[in-house]
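Work through the exercises below with the model open. Each task is followed by its solution.

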Amino acid sequence: MGQMLCCVQVGQSTVAIKESFGKFDDVLQPGCHCLPWIFGKRIAGRLSLRMKQLDVKCETKTKDNVFVNVVASIQYRALPDKANDAFYKLSNTQSQIQAYVFDVIRASVPKLNLDDAFEQKNEIARAVEEELEKAMSAYGFEIVQTLIVDIEPDEHVKRAMNEINAAARLRVAANEKAEAEKIVQIKRAEGEAEAKYLSGVGIARQRQAIVDGLRDSVLGFSVNVPGTTPKDVLDMVLITQYFDTMKEIGASSKSSSVFIPHGPGAVRDIAAQVRDGLLQAAPLQ
């Protein structure tokens, strides 16, 4: 209806390309416009001024011969003051942008190793944006933003990288575990050494106490029983300890039987043997 009345409506964020007898005439801004078609005026097409996004996936290889897929996201829009160039000069805007992206990525990534490519994503994106800005501005388009959203190595390469990372972490964990075990063993050895030292001190004190007790017993017995010598007291103490030992052997449920000569006349021999074994060992040392 509007075309018949020579009225044309252009929507917001859109411009219309006006032609006169097939020749570019004007760029119509959003709003209502009078277009007398009987004078050869017509709308050749409409151009959106909204920002668009193009995702480009480019396969290339790095300096260390690893094939990767680089995914770039290009955000662009047509310039209002160059709408005629954007409408007439390019037949397929996305194909043109994709060609430039391929060219820059395949020129930049092969100069980098795989690890450097991940670290220098921003530099690659900046190089793509600069090249696109120079090329597309002549066609009436503005490059708003260029992002390298992903770098995807081959699946086998990713698996190998994960295995290398896992092996490195396992090596660190093994070193930490060995260091912990070393500390535990050192502390255990220090504890055992301290325990043995304290045990030796305890045994030495025990023996010293036994010797002091025997000495006091001998002196006390000699004073309280006239006519006895320290030798007699020592013999009696040795015999008492001998019978205490026999009692301990008999009281143990797991002890073996011990057969020794025994009788009233053998008591003195037992005391002599015990005494001689203790006293005669000293000169041999």
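**Exercise 1.** Locate T93 and decide: buried or exposed?

*Solution.* T93 sits in helix α2, residues 93–108. Helices here are DSSP runs of H or I, at least four residues, and strands are E runs of at least two, numbered from the N terminus. The relative accessible area of T93 is 15%. Buried means under 20%, exposed over 50%, partly exposed in between (1.4 Å probe, protein chains only). T93 is therefore buried. Its contacts (heavy atoms within 4.5 Å) include Y76, M136 and F141, leaving aside residues up to four places away in sequence.

The model is predicted: local features need pLDDT of at least 70, side-chain atom pairs pLDDT 80 or more, while totals for chains, interfaces and linings use all residues. Residues are numbered from 1 along each chain as its sequence is written, and side-chain values use heavy atoms, without hydrogens and water.

**Exercise 2.** Find which residues of α2 are buried, and what covers them.

*Solution.* List the buried residues: T93, I97, V101, V104, I105 and S108. Look down the axis of α2: these residues fall within an arc of 95 degrees (directions from the helix axis to the C-beta atoms), so they line one face of the helix. Their cover includes β6 (52–61), β7 (67–78), α4 (121–136) and β8 (141–153).

**Exercise 3.** Give the strand order of the open sheet of 3 strands.

*Solution.* The order is β3-β2-β5, with antiparallel pairing. Pairing requires at least two DSSP bridges between two strands. Strand β2 (residues 14–20) joins β3 over 5 bridges. A16 has L28 in β3 as its bridge partner.
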